Amino acid sequence: MKIPDYPCKHNISTNFLNPQRNVLSPEEIAQSARDLKQKNHTSFCMLPFEHTLEAAALTGSASSLNHTNIKFHNLQEILSLPAIDLDDPEITAVLHASSLLLSQREKIVFQLSGPLTILNQLLPLEVVFLEMIKHPQLVLDVFSKLGNDIVLLAKLAENYGIQIFSYADPCAGVTILGPKRLKMLTSTFTFPLLKQLDAQLNSQNVVVLCPKTALALIASELAIWKEHPLPQMTTYTEALFSLQEQIRFCGQTCINQNPSLQRFLEIKLTDESSD
(Lines give C-alpha, C1' and ligand atoms only; values in the text may rest on other atoms or scores of the structure.)
Protein backbone atom coordinates (compact mmCIF):
# COMPACT_ATOMS: atom_id res chain seq x y z
CA MET A 1 0.00 0.00 0.00
CA LYS A 2 1.31 3.44 -0.92
CA ILE A 3 2.26 5.61 2.05
CA PRO A 4 0.44 8.94 1.76
CA ASP A 5 1.87 12.17 3.07
CA TYR A 6 0.07 14.47 5.49
CA PRO A 7 0.46 18.19 4.75
CA CYS A 8 1.52 20.30 7.72
CA LYS A 9 -0.62 23.43 7.70
CA HIS A 10 -0.71 24.54 11.32
CA ASN A 11 0.59 27.94 12.39
CA ILE A 12 1.18 27.16 16.04
CA SER A 13 3.72 29.41 17.69
CA THR A 14 6.39 27.79 19.86
CA ASN A 15 8.35 30.97 20.53
CA PHE A 16 8.60 31.16 24.30
CA LEU A 17 10.80 34.26 24.47
CA ASN A 18 14.03 32.78 25.75
CA PRO A 19 16.60 34.70 23.67
CA GLN A 20 19.61 33.57 25.74
CA ARG A 21 18.32 29.98 25.53
CA ASN A 22 19.15 29.37 29.16
CA VAL A 23 17.41 26.66 31.14
CA LEU A 24 14.28 28.36 32.45
CA SER A 25 12.84 27.79 35.90
CA PRO A 26 9.73 25.60 36.22
CA GLU A 27 7.68 28.70 37.02
CA GLU A 28 8.93 30.50 33.89
CA ILE A 29 8.23 27.43 31.73
CA ALA A 30 4.74 27.05 33.19
CA GLN A 31 3.91 30.71 32.57
CA SER A 32 5.26 30.51 29.01
CA ALA A 33 3.15 27.38 28.41
CA ARG A 34 0.03 29.18 29.59
CA ASP A 35 0.88 32.19 27.41
CA LEU A 36 1.31 29.97 24.36
CA LYS A 37 -1.92 28.15 25.10
CA GLN A 38 -3.75 31.49 25.10
CA LYS A 39 -1.92 32.77 22.02
CA ASN A 40 -2.59 29.60 20.03
CA HIS A 41 -6.21 29.23 21.27
CA THR A 42 -5.66 25.65 22.39
CA SER A 43 -7.21 23.76 25.28
CA PHE A 44 -3.92 22.29 26.51
CA CYS A 45 -0.32 23.19 27.28
CA MET A 46 2.33 21.51 25.13
CA LEU A 47 5.69 20.73 26.74
CA PRO A 48 8.55 20.80 25.98
CA PHE A 49 8.38 23.72 23.57
CA GLU A 50 10.97 22.43 21.09
CA HIS A 51 12.14 19.11 19.62
CA THR A 52 15.54 19.42 21.30
CA LEU A 53 15.01 18.03 24.81
CA GLU A 54 16.22 14.49 24.11
CA ALA A 55 19.25 15.57 22.10
CA ALA A 56 20.25 18.08 24.77
CA ALA A 57 19.97 15.46 27.51
CA LEU A 58 22.09 13.04 25.48
CA THR A 59 24.91 15.53 25.05
CA GLY A 60 24.71 17.63 28.20
CA SER A 61 23.88 20.76 26.20
CA ALA A 62 21.01 23.13 26.82
CA SER A 63 18.35 23.42 24.15
CA SER A 64 20.50 25.81 22.12
CA LEU A 65 21.25 22.87 19.82
CA ASN A 66 20.62 23.82 16.23
CA HIS A 67 21.88 23.18 12.73
CA THR A 68 24.94 25.37 13.27
CA ASN A 69 25.89 23.53 16.45
CA ILE A 70 26.55 20.12 14.90
CA LYS A 71 28.46 18.08 17.48
CA PHE A 72 29.06 14.68 15.84
CA HIS A 73 30.16 13.37 12.49
CA ASN A 74 29.14 9.71 12.45
CA LEU A 75 26.64 7.32 14.00
CA GLN A 76 29.27 5.35 15.86
CA GLU A 77 29.84 8.42 18.01
CA ILE A 78 26.11 8.57 18.78
CA LEU A 79 26.06 4.87 19.63
CA SER A 80 28.88 5.36 22.13
CA LEU A 81 26.97 8.02 24.08
CA PRO A 82 25.62 7.03 27.51
CA ALA A 83 21.90 6.67 28.03
CA ILE A 84 19.82 9.83 28.23
CA ASP A 85 20.54 11.84 31.38
CA LEU A 86 17.19 11.91 33.17
CA ASP A 87 18.69 14.29 35.73
CA ASP A 88 19.46 16.84 32.99
CA PRO A 89 18.48 20.30 34.30
CA GLU A 90 16.24 21.02 31.33
CA ILE A 91 14.32 17.75 31.69
CA THR A 92 13.94 18.39 35.42
CA ALA A 93 12.67 21.94 34.84
CA VAL A 94 10.16 20.86 32.17
CA LEU A 95 8.80 18.04 34.32
CA HIS A 96 8.47 20.25 37.40
CA ALA A 97 6.67 22.81 35.22
CA SER A 98 4.33 20.07 34.02
CA SER A 99 3.60 19.05 37.59
CA LEU A 100 2.92 22.69 38.50
CA LEU A 101 0.51 23.12 35.58
CA LEU A 102 -1.30 19.88 36.42
CA SER A 103 -1.75 21.11 39.99
CA GLN A 104 -3.44 24.18 38.47
CA ARG A 105 -5.84 21.90 36.52
CA GLU A 106 -4.22 22.55 33.16
CA LYS A 107 -4.22 19.79 30.56
CA ILE A 108 -0.70 18.79 29.48
CA VAL A 109 0.46 17.11 26.29
CA PHE A 110 4.09 16.00 26.64
CA GLN A 111 5.99 16.02 23.39
CA LEU A 112 8.27 13.09 22.48
CA SER A 113 10.56 13.33 19.45
CA GLY A 114 11.43 10.55 17.04
CA PRO A 115 14.95 9.35 16.16
CA LEU A 116 15.59 11.37 13.00
CA THR A 117 14.46 14.57 14.69
CA ILE A 118 16.80 13.83 17.60
CA LEU A 119 19.68 12.98 15.28
CA ASN A 120 19.05 16.13 13.26
CA GLN A 121 20.19 18.10 16.30
CA LEU A 122 23.44 16.15 16.53
CA LEU A 123 24.78 15.53 13.03
CA PRO A 124 23.84 16.09 9.39
CA LEU A 125 20.96 13.82 8.39
CA GLU A 126 22.77 13.06 5.14
CA VAL A 127 25.06 10.90 7.27
CA VAL A 128 22.10 8.88 8.51
CA PHE A 129 20.61 8.47 5.04
CA LEU A 130 23.94 7.25 3.66
CA GLU A 131 24.38 4.81 6.52
CA MET A 132 20.90 3.40 5.89
CA ILE A 133 22.36 2.12 2.61
CA LYS A 134 25.93 1.28 3.64
CA HIS A 135 25.51 0.07 7.23
CA PRO A 136 21.81 -0.57 7.98
CA GLN A 137 22.57 -2.54 11.16
CA LEU A 138 24.44 0.43 12.63
CA VAL A 139 21.40 2.60 11.95
CA LEU A 140 19.13 0.04 13.62
CA ASP A 141 21.44 -0.07 16.65
CA VAL A 142 21.37 3.72 16.97
CA PHE A 143 17.59 3.79 16.57
CA SER A 144 17.27 1.09 19.23
CA LYS A 145 19.38 3.16 21.63
CA LEU A 146 17.26 6.26 21.00
CA GLY A 147 14.08 4.23 21.36
CA ASN A 148 15.17 3.09 24.82
CA ASP A 149 15.90 6.71 25.73
CA ILE A 150 12.45 7.81 24.55
CA VAL A 151 10.77 5.15 26.69
CA LEU A 152 12.86 6.14 29.73
CA LEU A 153 11.83 9.77 29.30
CA ALA A 154 8.16 8.83 28.89
CA LYS A 155 8.25 6.68 32.03
CA LEU A 156 9.82 9.53 33.99
CA ALA A 157 7.21 11.99 32.71
CA GLU A 158 4.50 9.55 33.75
CA ASN A 159 5.85 9.72 37.32
CA TYR A 160 5.15 13.47 37.25
CA GLY A 161 1.50 12.91 36.35
CA ILE A 162 1.71 13.16 32.54
CA GLN A 163 -1.01 11.06 30.91
CA ILE A 164 -1.09 12.32 27.34
CA PHE A 165 1.98 12.17 25.12
CA SER A 166 2.46 13.28 21.55
CA TYR A 167 4.95 11.52 19.32
CA ALA A 168 6.29 13.16 16.19
CA ASP A 169 9.31 12.79 13.95
CA PRO A 170 9.06 15.77 11.58
CA CYS A 171 12.23 14.70 9.76
CA ALA A 172 10.74 11.29 8.90
CA GLY A 173 8.02 12.16 6.39
CA VAL A 174 7.66 10.23 3.14
CA THR A 175 8.69 13.31 1.13
CA ILE A 176 12.04 13.33 2.99
CA LEU A 177 12.77 9.63 3.43
CA GLY A 178 10.97 8.19 0.44
CA PRO A 179 8.56 5.24 0.77
CA LYS A 180 11.18 2.48 1.07
CA ARG A 181 13.18 4.05 3.90
CA LEU A 182 10.02 5.22 5.69
CA LYS A 183 8.61 1.70 5.61
CA MET A 184 11.89 0.41 7.03
CA LEU A 185 11.79 3.00 9.82
CA THR A 186 8.15 2.21 10.55
CA SER A 187 8.60 -1.56 10.79
CA THR A 188 11.97 -1.66 12.55
CA PHE A 189 11.65 1.31 14.89
CA THR A 190 8.26 3.04 15.17
CA PHE A 191 6.17 -0.10 15.58
CA PRO A 192 8.48 -1.69 18.20
CA LEU A 193 8.71 1.64 20.04
CA LEU A 194 4.94 1.96 20.28
CA LYS A 195 4.67 -1.65 21.44
CA GLN A 196 7.23 -0.85 24.12
CA LEU A 197 5.34 2.25 25.24
CA ASP A 198 2.11 0.27 25.26
CA ALA A 199 3.68 -2.35 27.52
CA GLN A 200 5.35 0.05 29.94
CA LEU A 201 3.04 3.04 30.33
CA ASN A 202 0.05 2.99 32.64
CA SER A 203 -3.22 1.94 31.03
CA GLN A 204 -4.81 5.41 31.24
CA ASN A 205 -2.05 7.05 29.20
CA VAL A 206 -2.56 8.02 25.56
CA VAL A 207 0.00 8.54 22.80
CA VAL A 208 -1.10 11.00 20.10
CA LEU A 209 0.81 10.27 16.91
CA CYS A 210 1.70 12.75 14.23
CA PRO A 211 -0.57 11.81 11.30
CA LYS A 212 2.52 11.26 9.14
CA THR A 213 3.51 8.48 11.54
CA ALA A 214 -0.04 7.17 11.78
CA LEU A 215 -0.47 6.95 8.01
CA ALA A 216 2.86 5.14 7.66
CA LEU A 217 1.72 2.55 10.21
CA ILE A 218 -1.59 2.02 8.43
CA ALA A 219 0.00 1.80 4.97
CA SER A 220 2.59 -0.67 6.31
CA GLU A 221 -0.29 -2.82 7.65
CA LEU A 222 1.08 -2.50 11.18
CA ALA A 223 -2.05 -0.79 12.51
CA ILE A 224 -5.73 -0.33 11.74
CA TRP A 225 -8.25 2.40 12.43
CA LYS A 226 -11.02 1.85 14.99
CA GLU A 227 -13.87 4.31 14.73
CA HIS A 228 -15.50 6.03 17.71
CA PRO A 229 -18.63 7.92 16.59
CA LEU A 230 -19.09 11.27 18.32
CA PRO A 231 -22.52 12.51 19.43
CA GLN A 232 -21.90 15.91 17.85
CA MET A 233 -19.20 17.86 16.02
CA THR A 234 -16.31 17.93 18.48
CA THR A 235 -12.76 19.22 18.21
CA TYR A 236 -10.00 16.64 18.00
CA THR A 237 -8.58 17.47 21.42
CA GLU A 238 -11.99 17.60 23.12
CA ALA A 239 -12.75 14.15 21.71
CA LEU A 240 -9.31 12.94 22.78
CA PHE A 241 -9.80 14.06 26.37
CA SER A 242 -13.31 12.58 26.53
CA LEU A 243 -12.12 9.20 25.16
CA GLN A 244 -8.87 9.12 27.10
CA GLU A 245 -9.78 6.06 29.17
CA GLN A 246 -10.88 4.09 26.10
CA ILE A 247 -7.95 4.56 23.70
CA ARG A 248 -4.19 4.06 23.63
CA PHE A 249 -3.06 5.53 20.29
CA CYS A 250 -4.57 8.01 17.87
CA GLY A 251 -3.37 10.20 15.02
CA GLN A 252 -5.98 10.88 12.35
CA THR A 253 -5.09 14.58 12.24
CA CYS A 254 -2.56 17.02 13.64
CA ILE A 255 -3.15 17.90 17.27
CA ASN A 256 -2.04 21.47 16.49
CA GLN A 257 -4.67 21.87 13.75
CA ASN A 258 -7.41 20.58 16.07
CA PRO A 259 -10.28 20.41 13.55
CA SER A 260 -13.87 19.56 14.44
CA LEU A 261 -14.80 15.93 13.81
CA GLN A 262 -17.89 13.74 13.54
CA ARG A 263 -15.89 10.60 14.28
CA PHE A 264 -12.72 9.89 16.21
CA LEU A 265 -10.28 7.31 14.86
CA GLU A 266 -8.27 5.28 17.33
CA ILE A 267 -5.16 3.44 16.13
CA LYS A 268 -4.96 -0.24 17.01
CA LEU A 269 -1.55 -1.83 16.53
CA THR A 270 -1.38 -5.25 14.92
CA ASP A 271 0.07 -8.19 16.82
CA GLU A 272 3.35 -8.49 14.99
CA SER A 273 5.70 -6.54 12.76
CA SER A 274 6.45 -8.02 9.36
CA ASP A 275 9.61 -6.71 7.68
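Hi everyone, let's start in the loop between α1 (26-40) and β1, where we find His41. Helices (H or I, at least four residues) and strands (E, at least two) are DSSP runs here, numbered from the N terminus. This is a predicted model, with local features needing pLDDT of at least 70 and side-chain atom pairs counting only at pLDDT 80 or more, while totals for chains, interfaces and linings use all residues. Residues are numbered from 1 along each chain as its sequence is written, and side-chain values use heavy atoms, leaving out hydrogens and water.

So, back to the backbone. Most residues other than glycine have a negative phi, and most peptide bonds are trans. His41 is not a glycine, yet its phi is positive, about 55 degrees. His41 is also exposed, with a relative accessible area of 72%; buried means under 20%, exposed over 50% and partly exposed in between, using a 1.4 Å probe and protein chains only.

Asn258 also has a positive phi, about 50 degrees, without being a glycine. You'll find Asn258 in the loop between β6 (249-250) and β7 (260-269), and Asn258 is partly exposed at 21% relative accessible area.

Then there is the peptide bond between Leu47 and Pro48, which is cis, with omega about -10 degrees. Pro48 sits in the loop between β1 (45-47) and α2 (53-59).

Now to strand β3. Five of the five residues of β3 (residues 164-168) are buried, so the strand is largely enclosed by the rest of the structure. In a regular strand the side chains alternate between the two faces of the sheet. In β3, Ile164, Ser166 and Ala168 point one way, and Phe165 and Tyr167 point the other.

What does β3 pair with? One partner is β2 (residues 108-113), parallel to β3 over four bridges; two strands pair if DSSP finds at least two bridges between them. Gln111 stands opposite Ser166 in that pairing. Strand β4 (residues 206-209) also runs parallel to β3, joined by four bridges, and here Tyr167 faces Leu209.

A cavity is a set of points on a 1 Å grid over the protein atoms alone where a 1.4 Å probe fits but cannot get out, and lining residues have an atom within 4 Å of a point. The second largest cavity has a volume of about 70 Å³, and α9 gives the most to its lining, with four residues.

Thanks, everyone!

Methods
1 Å grid on protein atoms, 1.4 Å probe; cavity = no way out; pocket = protein on both sides within 12 Å on 5 of 7 lines; lining within 4 Å. Points joined across faces, edges and corners; volume = space filled by probe spheres on them.
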